[in-house]
Structure formats: structure tokens, C-alpha cells
Amino acid sequence: MLYTKNGDNGRSATKTRLNIPKNSPVFELMGTLDECVSFLGLAKQHAPSPQVSDLLELIQKGAMALCEELAGGEKYASAARVAELEKAIDMLTASLPDLSSFALPGKTPCGAALDVARTVARRAERKAVAMSTTGGIPRDMLAWLNRVSDLLFALARHCDQQGGEKPIAPTANVAPAPAYASTAGITCRQATALCEAVLQKARDNGLRLVTAVCDAGGNLVTFLRDDDAIIGSIDIAINKAFTAASLKMSTEEVGRLAQPGAPLFGIQHTNNGKIVIFGGGVPLLRDGVVVGALGVSGGTAEQDTAIGQFGAQIAPQYLNKEV
């Protein structure tokens with residue numbers, strides 16, 4: 001049965017605390033974490049990409065594991081897990097523009113839900129700090145809660161940037177824009193035409209390459225492999241496109257930021273090894289908004305970089321009209 005009636009007297013228990021009031025500080029903190037997990041579930045339903053959805057689920061599981069630790073279960077919070085959160089924060093903030101003012105919540109459904117989850121996480125941190133004055137709350141738990149709220153703030157900005165502003169409904173006197181001119185994505189025909197133009201440029205330079213285009217969420221739209229192009233370059237081109245789209249910067253720039261001592265050092269070991277840190281991947285823009293990315297592979301790093309930059313330069317003539 002779902003109900004036991006054992007808590008009808010307003011008291012409950014954990015593994016280490018017996019017969020305590022349901023409004024005890026430990027239950028207040030656990031309940032706040034449960035609230036945060038629920039809002040993360042709401043955000044997950046509006047996630048702009050599978051990668052964001054997967055990350056939100058990892059945070060949910062972490063918050064639930066923290067509840068288990070509070071109840072007397074296995075220790076979850078650790079310096080290593082705090083460091084993992086910091087890496088994710090650094091990766092996200094590196095791809096976001098600097099803030100010049102307070103970020104106003106509500107730009108996208110996912111961003112709005114994440115902003116609520118962030119404020120709930122901050123409340124959980126305050127409750128944990130209050131409990132720490134009497135002991136029982138380890139330092140690693142306080143640090144984990146602090147970094148989670150920072151990560152949710154960065155994620156909310158990321159989702160808002162990917163989702164863009166809500167479109168204004170056309171009036172009776174204004175014809176709606178054609179689907180191909182929308183910032184919603186790149187069509188297969190547009191992506192294929194761009195890849196064909198890029199491959200022709202490569203042929204003119206004596207190169208046989210592989211090209212790939214993905215959408216803003218890092219999902220593959222199309223790829224073309226020229227005759228005699230290296231088969232191993234297929235995955236590399238696709239992953240270059242994924243990297244440039246998900247981080248909103250060229251893979252050449254990611255490579256600079258991934259050097260020892262730089263902010264993204266080690267990022268190539270995340271995302272199941274799909275992050276590429278050498279040239280050939282470039283974001284594709286429409287009206288200043290990243291709508292996808294192009295990946296080029298098969299030459300040297302310098303050749304791939306040059307051909308990729310050429311693709312980014314000619315992309316508007318394919319992305320801004322119906323092909």
C-alpha cells in the first residue's frame with residue numbers, strides 16, 4: 001500500500017534519527033532537495049538537446065543521492081564530485097557571453113524552470129548552512145549544493161540562448177516568414193547544398209574530405225563523404241560539428257581553451273569522447289543566432305580549419321533561402 005499511517009502523528013524517522021518531527025531541519029532540507037528535483041524534471045521536458053536532458057538527469061540523481069546521505073545512507077558529496085560540477089560550469093560559461101546586467105528569467109520554458117530549480121537549490125544550501133552550525137553537515141555537501149545552483153544558473157542561460165526569444169505572432173497585415181528563414185533549424189536540403197559547395201572548394205585545393213552538418217542541439221542533419229576521403233574522418237567530421245554546435249565556438253577555439261592551465265582543460269574527455277579540440281568545426285549563424293554547425297575532416301588540421309572557415313563564410317547564402 002502507498003500509505004502506512006505511521007506518520008499520522010506528525011513524526012517520522014531516518015536511518016540515524018528515530019521518531020523526530022516532520023518539520024525537523026533534516027526533513028526540511030530533504031524536502032527542499034525533493035522540490036528541486038521536481039523542478040529539474042519539469043525543465044527536462046523542455047530541454048533543447050539530449051545533452052542538456054542527460055545533464056539534468058545526472059543532477060537529479062545527485063540531489064536524490066544527497067537526500068540518501070542526509071538520511072544516513074552512503075556518502076555522496078565529495079571533493080571529486082564538486083570538481084565535476086565545476087568543470088561543467090566552466091564549459092558552459094566559456095560558450096556564453098559576459099553578463100552586463102541581471103539575467104531576467106522567463107525567456108524559454110526550460111530556462112524558466114531551471115531558474116526556479118536554482119532558487120530552490122539556493123534555499124537548500126541556506127538550510128544546510130543552518131544545520132551545519134550544530135554539526136552533521138559535511139563541508140563537501142555545502143560545496144556541492146553551492147556549485148549545483150551555479151550550474152543551474154549557467155544551464156538556464158545556455159537554454160535561453162539556444163531557445164532564443166519567443167516569436168512574435170504576425171498581424172493580419174504581415175505575411176509570416178517562410179519556414180526556411182526561421183531560426184528554428186537547418187533543413188536537410190540546405191545542409192546538403194552547403195556540404196556540396198564545401199567539398200567542391202576542397203577538390204579545387206586537391207583535397208578529398210568529409211563534411212557534416214548538425215542542428216543547434218548537436219543532432220546530425222546530413223553528411224557527405226567525397227570519393228577516396230578517409231573513412232575514419234566520418235566520425236571526426238560529425239563530432240567536430242557536434243562540438244562547434246554544443247559549445248557555440250569553433251573547434252580551433254575549443255583547442256586553445258583545452259590546453260593545460262586553460263579553462264576547458266580536459267573537456268575532450270567529456271560527452272563520451274565526442275568533443276574535438278582541433279580545427280575543422282565551425283558554428284553556423286543565422287541573424288547572429290547559432291542554428292547548427294559544420295564539421296570538416298580529412299586533411300591536416302590547418303587544411304580542415306581553412307575549409308571549415310570557408311564553409312562558415314558561404315553558409316548564409318544557403319541558410320537564408322530555400323534550396
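Predicted model: local features only at pLDDT ≥ 70, side-chain atom pairs only at ≥ 80, totals over all residues.
Gly185 is partly exposed, with a relative accessible area of 22%, and this residue sits in the loop between helix H5 (139-163) and helix H6 (188-204). Leaving aside residues up to four places away in sequence, Gly185 touches Gln190 and Arg286. Gly185 and Cys214 are 29 residues apart in sequence, while their C-alpha atoms lie 9.4 Å apart in space.

**The chain as a whole**

- The chain has 323 residues, of which 45% are buried, and its secondary structure comes to 10 helices and 6 strands.
- Among the contacts in the chain with a separation of 6 or more, 69% are between residues 24 or more positions apart.

**Helix H1 against helix H4**

- Helix H1 (residues 25-44) packs with helix H4 (residues 109-132) at an angle of about 165°, and the axes of the two helices are 8 Å apart.
- Because angles over 145 degrees count as roughly antiparallel, H1 and H4 are described as roughly antiparallel to each other, and their crossing is left-handed.
- On the H1 side, the contact is made by Pro25, Val26, Glu28, Leu29, Thr32, Leu33, Glu35, Cys36, Phe39, Leu40, Leu42 and Ala43.
- On the H4 side, the contact is made by Cys110, Ala113, Leu114, Val116, Ala117, Val120, Ala121, Arg123, Ala124, Lys127, Ala128 and Met131.
- Sorted by class, the residues of the contact of H1 with H4 divide into 19 nonpolar, 1 polar and 4 charged.

**Helix H1 against helix H2**

- H1 also packs with helix H2 (residues 50-70), where the two axes come within 9 Å and cross at roughly 165°.
- H1 and H2 are therefore roughly antiparallel to each other, and the crossing of this pair is left-handed.
- The residues of H1 that meet H2 are Val26, Leu29, Met30, Leu33, Val37, Leu40, Gly41, Ala43 and Lys44.
- Their partners in H2 are Ser53, Leu56, Glu57, Ile59, Gln60, Ala63, Met64, Leu66, Cys67 and Leu70.
- The contact of H1 with H2 consists, by class, of 14 nonpolar, 3 polar and 2 charged residues.
- Val26 is one of the H1 residues in the contact with H4, and Val26 is also among those that meet H2.

**Leu70 in helix H2**

- Leu70 is found in helix H2, where it is one of the residues that H1 meets.
- With a relative accessibility of 6%, Leu70 counts as buried, since the term applies to residues under 20% relative accessible area.
- Leu70 and Gly136 are 66 residues apart along the chain, and their C-alpha atoms are separated by 8.6 Å.

**Helix H6 against helix H9**

- By class, the contact of H6 with H9 holds 7 nonpolar, 1 polar and 1 charged residues.

- Asp228 is not a glycine, yet its phi is positive at about 70°.
- Asp228 is placed in the loop between strand E4 (220-225) and helix H7 (233-247), and at 71% relative accessibility this residue counts as exposed, the cut-off being over 50%.
- Lys248, likewise a residue other than glycine, has a positive phi near 60°.
- Lys248 is found in the loop between H7 and helix H8 (251-257), and at 14% relative accessibility Lys248 counts as buried.

How values were computed. Residues numbered from 1 in each chain as written. Heavy atoms only, no water. Axes fitted to C-alpha atoms, helices over the stretch in contact; angles between N-to-C directions. Helix = DSSP H or I, 4+ residues; strand = E, 2+ residues; numbered from the N terminus. Parallel < 35°, antiparallel > 145°, perpendicular 65-115°, else oblique. Left-handed = near helix turned anticlockwise from the far one by under 90°. Contact = heavy atoms within 4.5 Å. Nonpolar A, V, L, I, M, F, W, Y, C, P; charged D, E, K, R; others polar. Buried < 20%, exposed > 50% of the residue type's maximum accessible area, 1.4 Å probe, protein only.
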